[in-house]
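Hi everyone, thanks for making time for this. I'd like to walk you through one model today, so let me put it up on the screen.

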Amino acid sequence: KIGIAHLFAVSGLHVGVLASAISYLVKKLKGNKYIDYFATIMVTLFYALITGFGVSVMRAFIMLVVYKTGRLYGLRRCGLSSLCISGVIILLASPFMLFSISFELSMLAILGIVYFYKPISKLLGFLPKSVGNYLAMTIAVNIAIVPVMLSAFGSVSLIFLIANLFLVPIATFLFPFMLALLCVSLIIPYSYVLLIPIGFVFALISFLSNFLASVPFLMINISFSVIGVVVYLIIISLLSSYFMIDKKIKRVASIIMIVAFSSVVVVSSFHLIDAGVKINVVTNTKDADYVILTDDSINYLVINGEITEYYIDNLHYYMANNQIAKIDVLVKAYFTKSDSKNLDKLTAITRANYVVTNTENSHYEAIYKLDLLFHDNIHSIVSKDKYTLSIVNENTILLDAKGINVIFSNVSSIYPSINIP
């Protein structure tokens, strides 16, 4: 919520810090550019492999390879070209990654740096160089990722500058030492105790992050459609130095688009324009899928699989972190006998008052419990002007939104956040 999730997740930031540390070490040891190239690539590749080659790590590693290869052969460096090459390679390997929030945020963060880092750093030239450069990078990144943040999460932080200025440098400084100590602990027994002070520092950072994220007036909450994201990206592309048109034409076109864009945002924030049905995954395991559908102010919880205390606690945590006060409708293809044991807890946490299910396939004890909790508010279909949510069979739930069909099933994969216009 305050723009520092990359500290606690495996991210491209870590790849960059690790690559910089290796290059610095090779330089101090008087190594040549070939040693630097192979040492940096091999170490970062090993890091990417042991961390599961996540989207941001993959993007950072590919860009690092392109950058290091170009520098090795004395080629002219271009950040935008490196970004495009890494994006194409990732999408060729996994085309559906285009709809992943991780991929979108990772690519847009670097796009923001490429577009705006230099001009913003010039504007902040009155500050000490290190502070000005760091602030310029933080502002550039957040300029680019704002539309996706609003579209996926419905909010954006106003405190990101302060959080990044004070918390990120501390974690960035500690990361190489933490990684080195982890490697040493594999060789020297009990040396892992040296990691305890670093753990306290990260616990403090986590505490401060949670505190800042809990302050209501530090957040902007605006609904953002896919069209709004596209228009926003066109505007920032027009404003960048990569768009080769006359400055006067660029200025006029940008002003017109900014006014139009601002109007759409203001109107959509008052729900006068349909912002679509948003799908967010809470839990996705081999045993169960918990997915929240949001349409305006109505929240649906779609469950495929078991209802257990673990999944309910996970749902409770997700709702608290995403400021979801209640779930209006529970949707499940059928309820088993074991599900009935946890229905009271699920209903208490979600505060749901409506159920969509197939009672013919449900266990009689579950049906009895549902009758006690929801009375006559049990149906097999929800039909609205924009969409229909229905039970297809005992394993499948269908969302038909303006002709776009989304199937919820234990055998299907759903990406962390999809917005259906």
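Let's begin at Lys332, whose charged end sits over the ring of Tyr334, 5.2 Å from the ring centre. That charged end also sits over the ring of Phe335, 5.5 Å from its centre. For those who like cut-offs, a charge sits over a ring here if NZ of Lys or CZ of Arg is within 6 Å of the ring centre and within 35 degrees of the ring normal.

A quick word on where this comes from: this is a predicted model, in which local features need pLDDT of at least 70, side-chain atom pairs count only at pLDDT 80 or more, and totals for chains, interfaces and linings use all residues. Residues are numbered from 1 along each chain as its sequence is written, and side-chain values use heavy atoms, with hydrogens and water left out.

Now, the overall picture. The protein chain has 15 helices and 13 strands; these are DSSP runs numbered from the N terminus, with helices being H or I of at least four residues and strands E of at least two. Of the 421 residues in the protein chain, 43% are buried. Buried means under 20% relative accessible area, exposed means over 50%, and partly exposed is in between, using a 1.4 Å probe and protein chains only. Take the contacts between residues at least 6 apart in sequence: 64% of them join residues at least 24 apart. Contact here means heavy atoms within 4.5 Å.

Back to rings. How many aromatic pairs does the structure hold? There are 4 aromatic pairs. Rings of Phe, Tyr and Trp (its six-membered ring) pair if their centres lie within 6.5 Å, and planes under 30 degrees apart count as stacked, over 60 as edge-to-face and the rest as tilted. Tyr115 and Phe116 have ring centres 5.8 Å apart and planes at 80°, so that pair is edge-to-face. Both Tyr115 and Phe116 are buried. Then look at Tyr290 and Tyr311: their ring centres are 5.4 Å apart and their planes at 35°, so this pair is tilted. This pair links distant parts of the chain, with Tyr290 in strand 4 (residues 288–295) and Tyr311 in helix 12 (residues 309–321), 21 residues apart. Tyr290 and Tyr311 are buried too. Ring pairs also bring in Tyr310, linking Tyr290, Tyr310 and Tyr311 into a cluster.

On to helix packing. Two packed helices are described by the angle between their axes and the distance between the axes. Helix 2 (residues 12–28) and helix 3 (residues 33–50) pack at about 145°, with axes 9 Å apart. The axes are lines fitted to C-alpha atoms, for helices over the stretch in contact, and angles run from 0 to 180 degrees between N-to-C directions. The residues making the contact include Leu18 and Ile22 of helix 2 and Ala39 and Val43 of helix 3. By type, the residues of this contact of helix 2 with helix 3 divide into 9 nonpolar, 4 polar and 1 charged. Ala, Val, Leu, Ile, Met, Phe, Trp, Tyr, Cys and Pro count as nonpolar, Asp, Glu, Lys and Arg as charged, and the others, Gly among them, as polar.

Helix 2 has another partner: its axis and that of helix 4 (residues 55–72) come within 8 Å and cross at roughly 35°. Among the residues that meet there are Val15 and Ala19 in helix 2 and Ala60 and Leu64 in helix 4. The residues of the contact of helix 2 with helix 4 divide into 6 nonpolar, 3 polar and 2 charged.

Let me finish with some backbone. Most residues other than glycine have a negative phi, and most peptide bonds are trans. Lys30, though, has a phi near 65°, a positive value. Where is Lys30 found? Lys30 is in the loop between helix 2 and helix 3, and Lys30 is exposed, with a relative accessible area of 75%. Arg351 also has a positive phi, of about 60°. Arg351 is in the loop between helix 14 (343–350) and strand 7 (354–356), and is partly exposed at 47% relative accessible area.

That's it from me, and I'm happy to take questions.
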